[in-house]
Amino acid sequence: MMAIGASALQITFTRPSVLLTQRNLGVTMASFVQESDRALSSKLTSSSHLSSMLNSNQSFTINRPRFRKFVTRSMSEASETKSTSQLSIDLKGKRAFIAGVADDNGYGWAIAKSLAAAGAEILVGTWVPALNIFEMSLRRGKFDASHGTLMEITKVYPLDAVFDNPEDVPEDIKANKRYAGASNWTVQEVAELVKKDFGSIDILVHSLANGPEVTKPLLETSRKGYLAAVSASSYSYVSLLKHFLPIMNPGGSSISLTYIASERIIPGYGGGMSSAKAALESDTKVLAFEAGRKHKIRVNTISAGPLGSRAAKAIGFIDTMISYSFANAPLQKELSADEVGNTAAFLASPLASAITGALIYVDNGLNAMGVGVDSPLFKDLNIPTSEH
């Protein structure tokens with residue numbers, strides 16, 4: 001998978017570990033094969049050819065075709081201390097704060113689940129108007145059997161990442177009955193509460209976005225709607241990182257979620273949301289530099305494919321996008337939220353210690369396509385499809 005070339009990422013929920021399986025892990029085999037006949041023997045026995053292969057001045061006379069195999073074994077640093085055939089994503093002793101979890105069918109929940117499976121302690125920030133329903137569902141065990149897993153959430157914090165501090169909150173929001181009874185829910189206040197409650201975190205996840213005019217074409221989007229989309233979907237990440245960085249342990253990781261509309265035209269994904277995602281991706285690079293230099297924190301973003309979550313249904317045509325992805329992506333399968341969660345677990349782990357400022361696509365390869373192969377224009381090309 002990705003940078004380490006693993007063959008599979010498996011989540012094991014019966015114990016807190018995520019296993020990343022590699023064939024012949026920790027052992028690399030290099031075989032050098034030499035074959036010739038009489039006509040080529042003089043050329044192969046020249047010192048220039050043999051010195052590059054054998055580092056030797058010795059000459060050979062080869063009378064018949066044959067193979068000479070030179071095998072070298074090397075052990076990775078990780079396997080020097082562990083005698084195992086599996087490389088594990090181990091987040092035991094790490095603490096994660098995930099902003100934007102309000103139900104059990106979105107990417108935020110999937111990321112929380114994967115991080116927990118790898119051993120991380122989970123803290124969640126939930127949008128204030130959704131807090132009561134979310135907490136009630138947790139208390140009643142509604143999510144206990146979600147996707148066949150159990151996950152412990154240590155604490156849920158009310159959060160509205162549109163507001164940096166109490167001074168930013170307008171009177172109409174303060175008076176809104178959906179915010180009644182909640183307190184200390186601006187970004188600054190939540191970061192201070194987390195510091196007071198736990199001291200520090202290791203992983204910060206931004207899994208929230210909102211565009212009040214998302215169904216409008218860009219030319220019909222108001223200034224207010226455009227700026228609201230950018231504020232909630234991209235600047236909120238800058239604010240979160242700004243306020244949480246002081247309590248993040250060096251070597252930690254921060255992850256956000258983006259969408260391919262940042263770089264490709266997705267008609268219907270409007271209201272300034274495509275611009276907000278483009279800003280988020282650009283900010284990822286700058287934040288990676290600043291957070292890396294100042295705090296030794298890695299910053300990456302995952303460009304996830306379409307998922308039929310409750311939040312995604314707000315754009316009105318998510319089912320169409322899922323069908324389009326299935327028909328046109330190199331991998332013809334429905335994208336699982338867990339696949340995004342597993343990628344986030346990898347990026348948060350020491351296995352990704354040299355990855356920062358990166359945009360990682362988790363979309364069954366749809367980003368690589370230049371045309372929609374389900375178009376009638378391609379009906380005579382006999383393009384292969386997956387068998388079901």
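This is a predicted model: local features need pLDDT of at least 70, side-chain atom pairs count only at pLDDT 80 or more; totals for chains, interfaces and linings use all residues.
Local features need pLDDT of at least 70 and side-chain atom pairs count only at pLDDT 80 or more, while totals for chains, interfaces and linings use all residues. Residues are numbered from 1 along each chain as its sequence is written, and side-chain values use heavy atoms, with hydrogens and water left out.

View 1. Asparagine 364 lies in the segment after strand 10 (359–362), strands being DSSP runs of E with at least two residues and helices runs of H or I with at least four, numbered from the N terminus. With 7% relative accessibility, asparagine 364 counts as buried (under 20% relative accessible area, where exposed is over 50% and partly exposed is in between, with a 1.4 Å probe and protein chains only). Leaving aside residues up to four places away in sequence, asparagine 364 touches Ala329, Pro330, Leu331, Lys333, Glu334 and Leu335, contact meaning heavy atoms within 4.5 Å.

**View 2. Helix 5 and its cover.** Helix 5 (residues 128–139) has 12 residues and reaches 17 Å from its first C-alpha to its last, close to the 16 Å expected at 1.5 Å a residue, where the expected span is 1.5 Å times one less than the number of residues. Val128, Pro129, Ala130, Leu131, Phe134 and Ser137 are buried in this helix, and their cover includes helix 4 (107–117), strand 5 (121–127) and strand 6 (153–159). Glycine 141, with a positive phi near 75 degrees, follows helix 5.

**View 3. Leucine 218 in its loop.** Leucine 218 is placed in the loop between strand 7 (201–206) and helix 8 (223–244), and at 48% relative accessibility leucine 218 counts as partly exposed.
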